[in-house]
Amino acid sequence: MEFSPLNIVILKKTSKVKSWTIGIDDEEFHQRKPEKGLLTKKEIRTLSLSELKLSKNSVVWDIGTCTGSVAIEACLIANEGQVFAIEKNDHDLENCRLNMRKFRTDFTVVQGKAPEHLEAFPNPDAIFIGGTAGGMEEILSVCCSRLNKGGRIVLNAVTIENLYQAVEGFKRNGFEVNITLSQISRSKPILNLTRFDALNPIYIITAQHKEGE
């Protein structure tokens with residue numbers, strides 16, 4: 001088919017498109033099967049994004065993006081900014097791309113093990129680290145050196161060993177650290193009653209440049 005160099009394309013919306021806000025239910029995301037649950041849970045996602053203090057034009061990195069849930073919600077906030085994500089696992093990357101399409105978000109995602117490929121991303125205003133795959137020290141070194149002034153890094157840890165390693169790593173790089181221990185339970189019906197199921201406790205570690213530096 002040939003087109004004139006000068007032409008007009010008219011796009012007509014044929015059905016109502018669902019819009020999304022942050023706090024998307026976990027079940028909405030494509031996830032690894034049969035091993036479900038490898039995503040940042042809704043409540044933890046919301047707390048982590050609030051710690052990142054994103055604005056509409058923020059440049060964001062998501063390291064170890066897995067299903068892309070944090071990157072997707074970061075796109076909803078930083079809708080005039082840029083989001084870059086990295087993930088090493090094939091299946092998680094495939095789910096991430098499915099989720100990008102489902103939630104109609106547009107961000108850059110590359111396959112690799114951080115800190116490789118980070119040199120191709122522009123300096124960020126905010127960084128979320130959901131996984132380090134044994135490369136904590138190297139990742140923190142790159143992230144702390146590349147973060148823009150006034151920016152924030154949020155790292156989620158499950159174990160006390162990773163908590164300790166992260167806090168010490170941030171301090172070595174001259175950053176101030178705050179930690180929130182999130183212990184969330186969700187209600188669950190049992191017959192005509194209600195009980196609570198506990199989610200795994202998560203350490204939400206927030207790091208930023210020391211004041212005046």
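Strand β6 pairs with strand β9 (residues 202-209) in the antiparallel sense, over eight bridges. Strands are counted as paired when DSSP finds at least two bridges between them. Helices (H or I, at least four residues) and strands (E, at least two) are DSSP runs, numbered from the N terminus. Within this pairing, S182 stands opposite I202 of β9.

The structure is a predicted model, in which local features need pLDDT of at least 70 and side-chain atom pairs count only at pLDDT 80 or more, while totals for chains, interfaces and linings use all residues. Residues are numbered from 1 along each chain as its sequence is written, and side-chain values use heavy atoms, with hydrogens and water left out.

The β6-β9 pairing belongs to an open sheet of seven strands, arranged in the order β3-β2-β1-β4-β5-β9-β6 with mixed pairing. The edges are formed by β3 (108-111) and β6 (175-182), each of which pairs on one side only. On average, neighbouring strands of the sheet are turned by 15° against each other, direction ignored. In general, strands of a sheet pair through backbone hydrogen bonds, either parallel or antiparallel.

Helix α5 (residues 160-172) lies across β5 (152-157), β6 and β9, and runs at about 5° to β9. Axes are lines fitted to C-alpha atoms, for helices over the stretch in contact, and angles run from 0 to 180 degrees between N-to-C directions. In helix α4 (residues 136-146), the buried residues are M136, I139, L140, C143, C144 and R146. Buried denotes under 20% relative accessible area, exposed over 50%, and partly exposed in between (1.4 Å probe, protein chains only). The buried residues of α4 pack against β1 (59-63), β4 (126-129), β5, α5, β6 and β9, where contact means heavy atoms within 4.5 Å.

Across the protein, five helices and nine strands are present, and along the sequence they follow the pattern α-β-α-β-α-β-β-α-β-α-β-β-β-β. The C-alpha atoms fill a box of roughly 60 × 55 × 30 Å, taken along the principal axes. Of the 213 residues, 41% are buried. Among contacts with a separation of 6 or more, 66% involve residues 24 or more positions apart. The protein exposes about 12700 Å², of which carbon and sulfur atoms supply 50%; accessible areas come from the Shrake-Rupley method with a 1.4 Å probe, and for residues only the protein chains shown count as cover.

Five aromatic pairs were identified. Rings of Phe, Tyr and Trp (its six-membered ring) pair if their centres lie within 6.5 Å; planes under 30 degrees apart count as stacked, over 60 as edge-to-face and the rest as tilted. W20 and F103 form an edge-to-face pair, with 4.6 Å centre to centre and 80° between the planes. This pair links distant parts of the chain, W20 in the segment before α1 (42-52) and F103 in the loop between α3 (90-102) and β3, 83 residues apart. Both W20 and F103 are buried. F103 also forms a tilted pair with F29, at 4.9 Å centre to centre and 45° between the planes. F29 lies in the segment before α1 and F103 in the loop between α3 and β3, so this pair ties together parts that are 74 residues apart in sequence. F29 and F103 are both buried.

The structure holds zero disulfides, a disulfide being a pair of cysteine sulfur atoms within 2.5 Å. The sulfur of C75 is 9.6 Å from the closest cysteine sulfur, in C96, which is too far for a bond. Likewise, the sulfur of C96 is 8.6 Å from the closest cysteine sulfur, in C66, again too far for a bond. C75 counts as buried at 11% relative accessibility, and C96 is buried with a relative accessible area of 0%.

Several local backbone features occur in loops. The peptide bond from A114 to P115 is cis, with omega near 15°, and P115 lies in the loop between β3 and β4. H117, also located in the loop between β3 and β4, has a positive phi of about 75° although it is not a glycine. H117 is partly exposed, with a relative accessible area of 32%. K53, in the loop between α1 and β1, has a positive phi of about 55° and is likewise not a glycine. K53 is exposed, with a relative accessible area of 56%.
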